[in-house]
Amino acid sequence: MRSRDLWQALSARRYLLSAWPWRATAYLVTGAAAGAATLVGLAAALVVGGVLTVVLVGLPLLVLTVLAGIPLARLERHRLRLIDPAPAPARPVRQPPATGPWPWLLTRLRERATWRELGHALLFALLLWPLDALAVALALAAPLHLAATPLVMATAGGGEEAKVLKQWTVTTWPAASGVAALGLLLLALGGYALGLAAGVRAELARVLVGVPGEGDPEARVVELTRSRARLVDAFEAERRRIERDLHDGAQQRLVALTMALGLARLDAPPGPLADQLDKAHGEAGRALEELRELIHGIHPKVLADYGLPAAVADAADRSAVPVDVALELPGRLPRAVEAAAYFVVCEALANVGRHSGADRAEVTGGHRDGRLLLRVRDDGRGGADVAAGSGLTGLADRVSVLDGRLSLSSPPGGPTLLSVEIPCEWTERFG
């Protein structure tokens with residue numbers, strides 16, 4: 001439900017007897033009060049910040065003034081509940097690449113939602129709250145003053161006269177009663193006017209600070225990014241499940257079969273049967289080795305148990321080219337990031353062994369400024385091309401899914417340098 005509930009209430013016969021006129025009035029009155037306070041606060045912050053800028057103290061205050069729209073937008077979304085039962089969630093924003101106030105500030109300053117909310121704050125402080133106050137004054141205060149004319153005449157006027165809106169003088173009771181009847185009629189019409197004004201204000205607030213509609217391109221981009229991250233997590237979870245099932249199921253059965261064939265071969269007398277058992281035992285052993293390599297390729301156990309540095313060191317030990325590893329990570333990273341980085345290193349080392357003619361390679365990296373940085377370098381002949389079917393195109397796509405970047409520098413004659421950057425945060429720290 002949107003604020004169209006208010007529009008439906010306006011067309012109902014019992015609108016004036018419902019709570020909607022009161023809720024609309026509360027929405028406009030609180031808007032006028034909040035807008036006036038916002039105007040005073042923004043003006044004071046700009047004046048103080050401008051004066052203190054000469055000593056650089058005012059710069060942080062001016063930056064915080066830019067962020068003033070964030071709490072005001074949150075307040076506006078809460079106020080919308082006065083006339084709209086449906087929640088008004090905030091526009092989706094990106095998560096900071098790291099914890100701390102500085103990454104959060106930089107992320108929010110790059111968000112369109114931040115500047116949209118600042119625009120709402122300025123519009124609210126300069127234009128909207130006076131309109132709210134004017135609507136309440138015309139639709140409620142003036143009719144109530146007219147309706148109270150007989151009371152004013154009886155008390156303040158001594159029963160002889162009364163001032164109507166400080167403009168006209170009423171000297172007879174029939175005239176005072178007529179003015180009161182007119183005030184009641186205008187009060188009823190004012191109830192509808194308040195509902196109309198509150199409904200328009202609610203729609204405007206939803207456009208500026210509420211969640212965008214289904215066709216909003218910005219919302220679609222954010223939602224696609226989030227769904228992409230969920231798919232990556234689901235993919236990694238499925239890989240780990242397959243690796244676990246193969247390791248604990250098929251591999252254990254194959255080990256048992258290999259042992260059974262080995263025992264049967266020892267017990268069998270020399271002859272054709274023993275030869276067949278020996279052949280079957282060898283085939284089972286080779287199948288077990290292939291299965292172990294398959295499990296390791298799906299998701300190596302060392303990566304799951306000990307993290308990326310240990311897994312990269314293991315891959316370097318199995319490389320055909322000697323590899324020096326200098327990867328400093330004091331903690332665990334998200335599993336999807338670790339998996340992507342590991343398979344990039346494995347593919348890069350495999351390419352070094354197959355195509356580069358290098359005598360030595362090195363893997364370096366670490367975590368800085370909320371990003372995982374990896375470098376794979378070799379002293380080979382160079383001339384590598386991602387588009388030439390080296391296998392790195394798929395890895396570049398995988399890194400880009402995590403909002404990362406993969407770049408390759410490989411001039412003819414070498415050296416070749418593969419660089420990977422993936423934004424991420426720690427999930428836990430070692431030690």
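Colleague: Which strands does helix α12 (residues 308–317) lie across, and at about what angle does the helix run to β3?

Modeller: This is a predicted model, in which local features need pLDDT of at least 70, side-chain atom pairs count only at pLDDT 80 or more, and totals for chains, interfaces and linings use all residues. Residues are numbered from 1 along each chain as its sequence is written, and side-chain values use heavy atoms, with hydrogens and water left out. Helix α12 lies across β3, β5 (361–368) and β6 (371–378), running at about 175 degrees to β3. Helices (H or I, at least four residues) and strands (E, at least two) are DSSP runs, numbered from the N terminus, while angles run from 0 to 180 degrees between N-to-C directions of axes, which are lines fitted to C-alpha atoms, for helices over the stretch in contact. Helix α13 (residues 335–356) packs on the sheet as well, touching β3, β5, β6, β7 and β8, where contact means heavy atoms within 4.5 Å.

Colleague: In what order do the five strands form the open sheet?

Modeller: Strands of a sheet pair through backbone hydrogen bonds, either parallel or antiparallel. Here the order is β3-β5-β6-β8-β7, with mixed pairing; two strands pair if DSSP finds at least two bridges between them. Because β3 (323–328) and β7 (405–409) each have a single partner strand, one side of each is left without a neighbour in the sheet.

Colleague: How many bridges join β7 to β8?

Modeller: Five bridges join β7 to β8 (residues 416–423), and these two strands run antiparallel; R405 stands opposite E421 in β8.
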